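These are my notebook entries on one structure. I recorded what I looked up, entry by entry.

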Amino acid sequence: ISLPFLDLTISIAGDRLLTDIHYKPTDSHGYLDYTSSHPASCKDSIPYSQFLRLRRICTQDEVFQTRASEMSSFFRERGFPSSTIDEALTRVSSLPCNSALTPHPPPTRNKGRVP
């Protein structure tokens, strides 16, 4: 049994729930074009955040690798450099799914600063 819900596909396998990414038929994968005038830091963070989203959604590593490969092609079509895509995918691939789901507090900066 498989059921699409929002951006997930939820399946039952034995006594486990499995999740995968779900794209609606109208999804054009129209991510920001890399030649846009946005700051480089903004453009370079998009692949990382989207791969992290996949890591959180896909419960099986094999499915994550397949979907990440698909997403890499979406970014290449939008002009993203292969080095940016590969670096983001390498960072996210090293995270276990459970770790990606655990919230982490933001780093504290300027501890000695007086407001």
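**Entry 1: Arg55 and its partner**

I began with Arg55, which is buried because its relative accessible area is 2%. In these notes buried means under 20% relative accessible area, exposed means over 50%, and partly exposed lies in between, with a 1.4 Å probe and protein chains only. The side chain of Arg55 meets that of Asp61 in a salt bridge, 2.9 Å from N to O. A salt bridge is a side-chain nitrogen of Lys or Arg within 4 Å of a carboxyl oxygen of Asp or Glu. Asp61 counts as partly exposed, at 47% relative accessibility.

**Entry 2: the basis of the values**

I note that this is a predicted model, in which local features need pLDDT of at least 70 and side-chain atom pairs count only at pLDDT 80 or more, while totals for chains, interfaces and linings use all residues. Residues are numbered from 1 along each chain as its sequence is written, and side-chain values use heavy atoms, with hydrogens and water left out.

**Entry 3: the other salt bridges**

How many salt bridges does the structure hold? I found five. One of them joins the side chains of Arg53 and Asp7, at 3.1 Å from N to O. This pair links distant parts of the chain, 46 residues apart: Arg53 is in helix H1, and Asp7 is in the loop between strand E1 (2-5) and E2. Helices (H or I, at least four residues) and strands (E, at least two) are DSSP runs, numbered from the N terminus. Arg53 counts as partly exposed at 24% relative accessibility, and Asp7 counts as partly exposed at 27%.

I then looked up Arg76, which forms a salt bridge with Asp86, the closest N and O atoms being 3.4 Å apart. Arg76 lies in helix H2 and Asp86 in helix H3, so the pair ties together parts that are ten residues apart in sequence. Arg76 is partly exposed at 39% relative accessibility, and Asp86 is partly exposed at 37%. Salt bridges that share partners also join Asp20, Arg67 and Glu70 into one network.

**Entry 4: helix H2**

I checked the span of H2 (residues 61-77). At 1.5 Å a residue its 17 residues should span 24 Å, and its end C-alpha atoms are 24 Å apart, which agrees. The expected span of a helix is 1.5 Å times one less than its number of residues.

Which residues of H2 are buried? I list Phe64, Ala68, Met71, Ser72, Phe74 and Phe75. They cover an arc of only 155° around the axis, which puts them on the same side of H2. The arc is that of the directions from the helix axis to the C-beta atoms. The face turned away from this buried side carries the exposed residues Glu62 and Glu77. The buried residues of H2 pack against helix H1 (40-57) and helix H3 (82-93). Contact here means heavy atoms within 4.5 Å. Just after H2, Gly79 takes a positive phi of about 90°.

**Entry 5: helix H3**

H3 has twelve residues and reaches 16 Å from its first C-alpha to its last, close to the 16 Å expected at 1.5 Å a residue. Its buried residues are Thr84, Ile85, Ala88, Leu89 and Val92. Seen down the axis of H3, they fall within an arc of 125°, so they line one face of the helix. They pack against H1 and H2. On the face turned away from the buried side I found the exposed residues Ser83, Glu87 and Thr90.

Thr90 is exposed, with a relative accessible area of 59%. Thr90 and Phe64 are 26 residues apart in sequence and 13 Å apart in space, C-alpha to C-alpha. Ser93, also placed in helix H3, is partly exposed at 30% relative accessibility. Not counting residues up to four places away in sequence, Ser93 touches Phe64 and Gln65. The C-alpha atoms of Ser93 and Leu3, 90 residues apart along the chain, are separated by 26 Å.

**Entry 6: the loop between E1 and E2**

Where is Leu6 placed? I found Leu6 in the loop between E1 and E2. Leu6 has a positive phi of about 55° although it is not a glycine. At 64% relative accessibility, Leu6 counts as exposed. As a last item, I noted that Ile12 lies in strand E2 (residues 8-13).
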